[in-house]
Amino acid sequence: MSNNEPSSLKQSIKLAWPISLQSILVTMLGMSDIMMVGHLGDTAVASVGLGNRIQFVFLIILAGLASGVGTLSAQHFGAGQIGVIRQIIVKTLVIAAGILLPILLITFLFAGNIMGIATTDPSVISTGTSYLWLTMPSLIFVVVVMIFENALRGLGQVIFPMFISIIAIITNIILNYWLIKGGLGIEPMGVIGAALATLLARALHALLILTYLAKVKHSIFPTTFFCADFYNKQAWTKLLTLVWPMMLSFGVWSLGTFVYQLIYGRIGTQELAVMSLLAPIEGLLVSFFFGFASACAILVGQRLGKNEFSNAWSLAKNYAISAPIITFLLALILLQYQYLVFMPFSNLSSETITLSQEILVLICFGTCLKVFNMTIAMGILRAGGDNKYCMFIDISGMWIISIPLTFMAAFYFMLPLYWVALIAYSEEIIKAVMFIFRMKTRHWLKNLTAESMA
């Protein structure tokens with residue numbers, strides 16, 4: 001086994017850095033939306049932050065679906081069954097359409113009501129509703145991108161998705177600056193400009209990835225949509241059995257993050273602005289290790305597809321130990337240079353900035369637990385299809401423990417925001433204990449391709 005470790009490390013770095021860089025850039029793009037409307041005050045920051053959080057709930061549900069594609073892609077690639085991946089993509093696109101279209105209709109009709117759950121500030125509700133009307137349709141393009149990106153990552157092809165994402169992100173930032181501030185014949189559009197920039201950039205992203213894959217006749221690009229396998233009930237059952245726990249788990253978790261935002265929003269607009277400002281910063285730390293967890297999932301999944309269970313277990317242990325240690329070191333660096341983080345928000349009130357600085361310390365160290373849990377859940381357990389247990393852990397840690405405690409801290413004990421945010425991290429503590437236990441049982445060491453062929 002020791003002879004394979006240098007090779008595994010090299011593979012990990014090769015896979016991880018493009019995924020992490022792409023994830024970091026996407027997170028920084030979310031930060032740029034907040035930063036570029038920061039000069040408009042707390043209301044604009046709260047509106048964009050809350051709108052993004054609502055959108056995030058649905059985005060993560062679709063990400064759960066796309067993650068199923070990545071899991072199957074890695075295992076089928078390891079088993080030498082690349083042709084199967086094309087029909088998995090087709091079926092997943094159909095499922096995504098069935099989920100997304102009703103969501104878009106409901107959001108369009110009731111955007112104001114949804115915003116009103118989180119805040120009583122009429123300015124935030126009005127601005128946030130307009131923001132949602134433009135950004136929610138862009139999820140159509142996002143889900144297409146996520147499905148194809150996860151399939152490519154399962155094959156270990158991570159450079160191409162990274163470059164396409166960089167083009168889309170640069171486009172979004174340029175459009176953000178132009179449309180928010182105005183110029184070249186365009187009047188300043190403020191928050192609406194940020195929403196329109198997001199819609200246009202995501203459309204470009206999907207167009208570029210589909211055009212390229214079709215032009216090069218990539219092995220995962222479907223040449224026919226409704227082939228014989230499309231009507232194979234067994235194939236549909238296998239796919240749905242794998243993805244529904246992932247989608248429900250991701251959905252339950254993302255809905256929980258929205259509930260946290262509701263709690264912060266009901267405390268006050270300033271508190272909502274603080275947490276909206278800091279959410280992308282926390283996301284940046286997590287994004288740095290998203291590629292780390294993704295590389296773990298790819299390499300572990302490929303080994304499981306080859307029935308190399310001992311090798312998969314050794315890799316999993318190394319990833320689980322390394323992730324929180326490196327996160328801790330990165331958190332220390334971020335705290336050392338935190339003044340750079342708050343430079344773009346000089347127009348916000350001094351009270352908002354001071355409160356944000358206090359919460360940042362908590363977020364930096366709480367993220368160590370988040371990264372540890374992400375690595376085990378996404379990189380290890382789900383690589384072996386152990387999705388139902390991950391769903392159970394997400395529901396238990398968040399909905400049974402953390403959300404009730406956070407709600408009580410905010411509205412029963414009336415604690416300051418810092419203590420409310422601290423209690424919210426009880427979720428990560430509970431989940432870490434449960435994930436460690438599940439990982440040690442080794443029930444996740446499964447070859448899903450062998451099971452499907454049985």
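Guide: We begin with a term. Helices are DSSP runs of H or I with at least four residues, numbered from the N terminus. With that, a label such as α11 can be read, here for residues 309-336. Keep in mind that this is a predicted model.

Visitor: How many helices and strands are there in the protein?

Guide: The protein has 17 helices and zero strands.

Visitor: What share of the residues is buried?

Guide: Buried means under 20% relative accessible area. Of the 454 residues in the protein, 56% are buried.

Visitor: Is Ser165 buried or exposed?

Guide: Ser165 has 1% relative accessibility, so it counts as buried. Ser165 is part of helix α6, residues 159-181. The side chain of Ser165 makes a polar contact of 3.4 Å with the side chain of His205.

Visitor: How do I read a nonpolar core?

Guide: In soluble globular proteins, nonpolar side chains tend to be buried together. In this model, the largest nonpolar core has 57 residues. Ile54, Ile89, Ile147, Phe148 and Ile220 have the most contacts inside this core.

Visitor: Which elements give two or more residues to this core?

Guide: They are α2 (42-78), α3 (82-118), α4 (122-135), α5 (139-154), α6, α7 (191-215) and α8 (233-267). The most comes from α2, which gives 14 residues.

Visitor: Which residues is Ile147 in contact with, leaving aside its neighbours within four places in sequence?

Guide: Ile147 is then in contact with Ala66, Val69, Ile89, Thr92, Leu93 and Ala96.

Visitor: What about contacts across the sequence?

Guide: Take the contacts between residues at least 6 apart in sequence: 85% of them join residues at least 24 apart.

Visitor: Which residues form a nonpolar patch on the surface?

Guide: A residue needs over 30% relative accessible area to be in a patch. The patch here is formed by Phe288, Ile321, Ile325, Ile326, Phe328, Leu329, Leu332, Val361 and Phe365, with about 770 Å² of accessible area together. Both α11 and α13 (350-381) supply at least two of its residues. The largest share is from α11, with six residues.

Visitor: Where does Phe288 lie?

Guide: Phe288 is in helix α9, residues 269-288. Phe288 counts as partly exposed because its relative accessibility is 38%.

Notes:
Residues numbered from 1 in each chain as written. Predicted model: local features only at pLDDT ≥ 70, side-chain atom pairs only at ≥ 80, totals over all residues. Heavy atoms only, no water. Patch = residues over 30% accessible without salt bridge, like charges linked within 9 Å, V, L, I, M, F, W, Y side chains within 5 Å. Areas by Shrake-Rupley, 256 points an atom, 1.4 Å probe, with all protein chains shown as cover. Salt bridge = Lys/Arg side-chain N within 4 Å of Asp/Glu carboxyl O. Buried < 20%, exposed > 50% of the residue type's maximum accessible area, 1.4 Å probe, protein only. Polar contact = N/O pair within 3.5 Å; in protein donor to acceptor, adjacent residues only side chain to side chain. Core = buried A, V, L, I, M, F, W, Y, C linked by side-chain atoms within 4.5 Å. Contact = heavy atoms within 4.5 Å.
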